[in-house]
Amino acid sequence: MEKERCNSGSGECLQLADRLLKNCINNHKSCASQYPITSELPTRVIDTSEVNPKLVDSGGQHGTFTALSYCWGGDVDFKLTTDTEQWFRKGMPLYQFPATLRDAIHITRALGIRYIWIDALCILQDSAQDWAQEASRMHEVYKGAVVTIAAACASKTSDGIFRERLAPTHPRCWLDWRNGDDAASKVFLRPGSELWDERMHQSILHTRGWVLQETLLAPRTLWFGQQQLCFECPKGSVDEAGRTIRIMEMYRSKEFIQALRQQVLPSWRRRLIALFRERDLPLAVLVPWPSLTNILQARDLLTVRHRAIIRKPLTLQGYFKPPATTQGLSHFDFWREVVDNYSSRQLTNPTDVLPALSGLANEFHRATGDTYVAGLWNMDIIQGLTWTRTPLRKKLPNGYIEEEPTLPKHYLAPSWSWASILGRKVLFMANSQFDYVQRFAEVLDISIQPATHDPFGAVRGGSITLRAPFLSLGSQDLLSALRSPSPYPKLLAEIAKRLTYDNEYRQKHRAYAGQQFAILQLIKWRRALRATERVCFLLLESVEGEDSWRRIERLPLTAREDVLTASAELAGSLEILEEIGPVLEKRVVRII
């Protein structure tokens, strides 16, 4: 029996961490084959072999190193700059390091590893050029680290990684542990609240945008929580109690990232997918198939009727199937799952919205060979344009929730990208390769101007040119359109209702005299094996001084429902579709 671990920095805890890491390296064949323990070192690393850790250049050498995933905050002056570089290279006493960084170095030494990579100390924080260059390599850093140390409970660098375990408020119940050894051990019972550390999995670290790719790209992660330390690799997650858990959520599972690296679309399938896209043919279908097993196991004819025929998936794309789901996801469905979770997280600098996802974008590019366009993909662009984003909200002292009227201070992305506005969760209209999608829009051109040399990082401009059904709404203020006569009163009433409290419109609208507004028909969508159909339009406004348009909102309308009786929403949508259907005309439109 191991001694009771009262502090996560105790010798017993660090020995356990070392055993868990070595078990993965030595016994997990799939992990060892795909993630060797040595790789090319990052440009700069912290050498922990001497008493005073110091910054060194790797010179392209190979070695073993750890990486740190943490929240900044606190002592933000303790970082690498052109002024402090000489002091870090000479070596600094460990006691001068902020607690989180100091504890990470202590863990690295306990694991018998010489080098550690910490972004604040290994990237010149006052050099935009160095930051951009190193940020573009960050996916290689976390992928190459033998293990990433996650400071799950530290909200700032002064908090530290290690925690005193909460003392039990009840007496221990000791039992003999008879396992065949000559000397019987003693064990004691612990409540489940101690064994499963919810605070670790709901910690502030999981709310940070950068941490998503740091977690997914790392082959192995050591999580240090309040009551537990936890080791995670593609085989699953194991905690101090010895329980191994398979992570079910794709957006945070190393297992699915490992599968992504293995499911690389061959060139012939990429060409075939492009051909099917051009001809608007489905890339995936659910084929009815008789199930002999279900028929033989059926207890009555009613069961036979409902279970004799199953739906087998047939797809040209990737097939990632999370546990307890009926349909697998394509590479692009998987990407939308990632964006869904990533967009719910926080970024200190909104301009990091694309750089903090660039490592994962690079991985998806390697798997699909597709062109990345400001958070979306060229082969999936029409479905990608159906996004909407929930607003930022804050809790008032009286308990009420209100939306934050936040506007971007800097350019983030083209208006057609989900990354163009501030907000929370991004939701797409069509998110499964088995959904029925009728595309009305045709892509003629996509242009992106990267802000740096990294094609997956920040952008300084971009446009998309579509040929699609289009309707001009004239040059009237949409919020007061009802006070003016119009041939489309029902459509304008719906738009005015949506824009009154709309997050995207408030952030993007740039009014000028004679400004024009329009709608563009994008897709009709129906979920697989369902009857409800929705049509997606984009609401556009003209850009002053340019022959271009700006997206200011998504406009979804219901064309059909599952239920037999029509709802008020369906009735209103059908009236709008009837109103505008005859006057929609195809037009070439450039959106920036």
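Contact here means heavy atoms within 4.5 Å, and helices (H or I, at least four residues) and strands (E, at least two) are DSSP runs numbered from the N terminus. This is a predicted model, where local features need pLDDT of at least 70 and side-chain atom pairs count only at pLDDT 80 or more, while totals for chains, interfaces and linings use all residues. Residues are numbered from 1 along each chain as its sequence is written, and side-chain values use heavy atoms, with hydrogens and water left out.

**View 1. Helix α6 and what covers it.** Start with helix α6, which runs over residues 128-136. Its buried residues (buried means under 20% relative accessible area, exposed over 50%, partly exposed in between, with a 1.4 Å probe and protein chains only) are Asp130, Ala132, Glu134, Ala135 and Ser136. Look around them and you'll find the cover, which includes β2 (44-47), α7 (138-144) and α16 (358-368).

**View 2. Helix α11 meets α16.** Here α16 turns up again, this time with helix α11 (residues 254-262): their axes come within 8 Å and cross at roughly 40°. The axes are lines fitted to C-alpha atoms, for helices over the stretch in contact, and angles run from 0 to 180 degrees between N-to-C directions. On the α11 side, look for Ile257, Leu260 and Arg261, which meet Leu360, Glu363, Phe364 and Ala367 of α16. Sorted by class, this contact has 5 nonpolar, no polar and 2 charged residues. (Ala, Val, Leu, Ile, Met, Phe, Trp, Tyr, Cys and Pro count as nonpolar, Asp, Glu, Lys and Arg as charged, and the others, Gly among them, as polar.)

**View 3. Helix α18 crosses α20.** Another helix pair: the axes of α18 (residues 489-499) and α20 (residues 568-580) come within 8 Å, with a crossing angle of roughly 130°. So α18 is oblique to α20. The crossing is left-handed, a label used if the near helix is turned anticlockwise from the far one by less than a right angle (clockwise would be right-handed). Pro489, Lys490, Leu491 and Glu494 of α18 make the contact with Glu575, Ile576, Glu579 and Ile580 of α20. The residues of this contact split into 4 nonpolar, no polar and 4 charged.

View 4. Side chains of opposite charge can pair when their charged atoms come close. Zoom in on aspartate 18 and lysine 22, which form a salt bridge with their closest N and O atoms 2.6 Å apart; the rule asks for a side-chain nitrogen of Lys or Arg within 4 Å of a carboxyl oxygen of Asp or Glu. The two sit 4 residues apart in helix α1 (residues 11-27), so about one helical turn separates them. Aspartate 18, at 17% relative accessibility, is buried, whereas lysine 22, at 40%, is partly exposed.

View 5. Glutamate 504 and arginine 551 join through their side chains in a salt bridge, 2.7 Å from N to O. Glutamate 504 belongs to helix α19 (residues 503-508) and arginine 551 to strand β27 (residues 549-560), so this pair ties together parts that are 47 residues apart in sequence. Both glutamate 504 and arginine 551 are buried. In a second pair, lysine 524 and glutamate 533 meet at 4.0 Å, N to O. Lysine 524 is partly exposed, with 22% relative accessibility, and glutamate 533 is buried, with 10%.

**View 6. Leucine 222 and its surroundings.** Leucine 222 is part of strand β10 (residues 221-224), and with a relative accessible area of 0%, leucine 222 is buried. Setting aside neighbours within four places in sequence, its contacts include Ala17, Leu111, Val147 and Phe231. Its C-alpha atom is 9.1 Å from that of cysteine 233, 11 residues away along the chain.

**View 7. Two loop residues with positive phi.** Most residues other than glycine have a negative phi. Aspartate 280 has a positive phi, near 55°; its place is the loop between α12 (267-278) and β14 (284-290), where aspartate 280 is partly exposed at 35% relative accessible area. For alanine 374, phi is positive too, near 55°. Alanine 374 sits in the loop between β16 (372-373) and β17 (376-377) and is buried, with a relative accessible area of 3%.

Note on methods. Angles under 35 degrees count as roughly parallel, over 145 as roughly antiparallel, 65 to 115 as roughly perpendicular and the rest as oblique.
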